[in-house]
Amino acid sequence: MSEIAKIELEGKSYEFPVFEGTENEKAIDIGNLRAVTGYVTLDTGYKNTGATKSAITFLDGEKGILKYRGYPIEQLAEKASFLEVAYLLIYGDLPNKTQLESFQADITNHTLVHEDVKQFFEAYPAKAHPMGVLSSIICSLSTFYPESLDPNRSPEAKNLTILRLLGKAPTLAAWAYKNAMRHPFIYPKNDYDYCKNFLYMMFALPTADYKVDPVVVDALNKLLILHADHEQNCSTSTVRIVGSSQANLYATIAAGIAALWGPLHGGANQAVIEMLEKIHNDGGDVDKWVLKAKDKDDSFRLMGFGHRVYKNFDPRATIIKKACDDVLEKLKINDPLLEIAKKLEKVALEDDYFKSRNLYPNVDFYSGIIYKALGIPTEMFTVMFALGRLPGWIAQWKEMTENNEPIGRPRQIYTGIVNRDYIPIDQR
Ligand code: ACO
């Protein structure tokens with residue numbers, strides 16, 4: 001017999017079905033709670049709220065497991081290409097050779113952006129943060145493709161928007177950087193693969209040859225895969241909620257980029273490097289900064305530590321830590337920030353404050369060090385994260401639209417003043 005949950009309220013007992021997912025996670029389905037009891041649930045920060053049923057990504061925060069469509073992240077990060085993973089997330093299965101070739105060709109076909117888009121870039125100040133630029137330019141793409149405004153127009157139109165977005169995002173991201181440098185834009189080279197093309201557009205100059213280092217391409221491929229999806233996090237929930245109003249995909253992804261920007265989410269990778277630099281410039285006294293992080297009267301937190309769902313270890317952090325060592329060794333870079341990061345990790349992991357709160361390094365703790373080694377400037381770190389997360393956001397949006405999910409609209413419990421009468425201004 002299937003399980004039921006009983007809730008007692010004001011002397012009455014109500015029964016609610018229990019839903020069990022394929023990984024045996026259980027949820028009390030309270031969809032009709034308010035209709036039958038008059039109550040709603042209160043869960044600030046959605047710490048215990050399953051907002052959707054999803055077949056894309058599974059993670060077990062206690063055991064440190066992460067899988068995309070059933071495939072362990074460790075296998076994908078080791079063996080797959082980013083576009084294979086993007087295909088897997090968006091369409092549900094790994095592509096065969098023909099499918100991958102055609103996916104790659106379709107994306108390559110859309111790497112160019114409309115020449116008029118260049119004028120948008122020129123209007124931003126030189127110091128514009130590339131996340132602000134990326135978010136607004138991606139939203140602006142909707143003005144160039146009015147057929148995308150109705151996201152339910154047809155499956156073909158929807159897929160075309162997906163391919164356009166995947167094709168143009170690296171060009172726009174690289175151009176956001178070029179624009180900040182006031183360097184000329186480098187156009188995509190369509191015989192390069194996704195990662196190589198992005199690096200080429202970022203680092204090539206019209207005045208000199210630029211050879212993309214395969215070590216850098218491999219590292220970028222791995223980083224993008226590790227960031228490709230992470231179920232219902234802040235930016236993905238934003239994507240699902242914005243998309244649920246049937247806003248077009250460009251606007252929806254722009255909202256996801258904005259949500260990712262914050263330092264408590266994707267912006268943490270920039271914040272980690274800034275923190276490590278601060279500690280380094282301050283003499284490298286790790287204990288002093290750990291004490292600050294523990295002090296409740298001090299707003300300082302160890303950036304890159306702690307996670308809403310991983311309470312044991314973040315499997316992505318384990319992979320990235322190793323990748324970080326490999327990349328620095330292969331590129332023969334000796335970064336003192338890596339030493340500080342390792343010391344900080346050791347001190348924090350042995351400290352009761354961090355142990356008792358299950359605070360472990362998250363994916364962003366080491367990713368900034370690799371990005372730095374790859375020559376990517378700090379302000380671009382979160383843009384890199386956005387490039388990686390793009391297929392995940394698209395997959396989650398596609399799933400939501402295909403499941404005809406209703407508009408996202410949480411309730412609240414009002415705690416303000418109940419009644420007041422208007423007083424004219426001269427009597428206040
Ligand atoms: N440094 C010091 N103390 C911390 C840290 C930290 N990084 N993170 C959490 N804590 C403490 C809190 O002060 C709190 O202590 P208390 O119980 O004594 O009040 C306790 O640990 C629980 O913290 P919450 O903020 O309630 O945990 P929550 O799940 O809401 O937040 C979050 C998770 C936002 C990731 C938090 O750990 C944090 O701010 N980390 C630093 C930022 C960061 O690295 N973000 C990236 C996350 S990964 C990603 O988005 C890709």
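I call a residue buried when its relative accessible area is under 20%, exposed when it is over 50%, and partly exposed in between (1.4 Å probe, protein chains only). I note that this is a predicted model, in which local features need pLDDT of at least 70 and side-chain atom pairs count only at pLDDT 80 or more, while totals for chains, interfaces and linings use all residues. I number residues from 1 along each chain as its sequence is written, and my side-chain values use heavy atoms, with hydrogens and water left out.

Entry 1, a covered helix. Helices (H or I, at least four residues) and strands (E, at least two) are DSSP runs, numbered from the N terminus. I looked up helix H17 (residues 363-373) and found ten of its eleven residues buried, among them Val 363, Asp 364, Ser 367 and Tyr 371. Taking contact as heavy atoms within 4.5 Å, I find that the cover over these buried residues includes H9, helix H12 (268-281) and helix H18 (381-402). In H9 (residues 214-227) I picked out His 227, which is buried with a relative accessible area of 0%; leaving aside neighbours within four places in sequence, its contacts include Val 363, Asp 364, Ser 367, Tyr 371 and also Tyr 68.

I count a side-chain nitrogen of Lys or Arg within 4 Å of a carboxyl oxygen of Asp or Glu. Between domain 1 and domain 3 the count is zero, whereas a search of the whole structure finds 18. Glu 405 pairs with Arg 240, the closest N and O atoms being 2.9 Å apart, and this pair links distant parts of the chain, 165 residues apart. Glu 405 is partly exposed at 25% relative accessibility, whereas Arg 240 is buried at 6%. Back at H17, I find Lys 372 bridged to Asp 335 (3.0 Å, N to O), with Asp 335 in the loop between H14 and H15. Asp 335 is buried at 8%, and Lys 372 is partly exposed at 32%.
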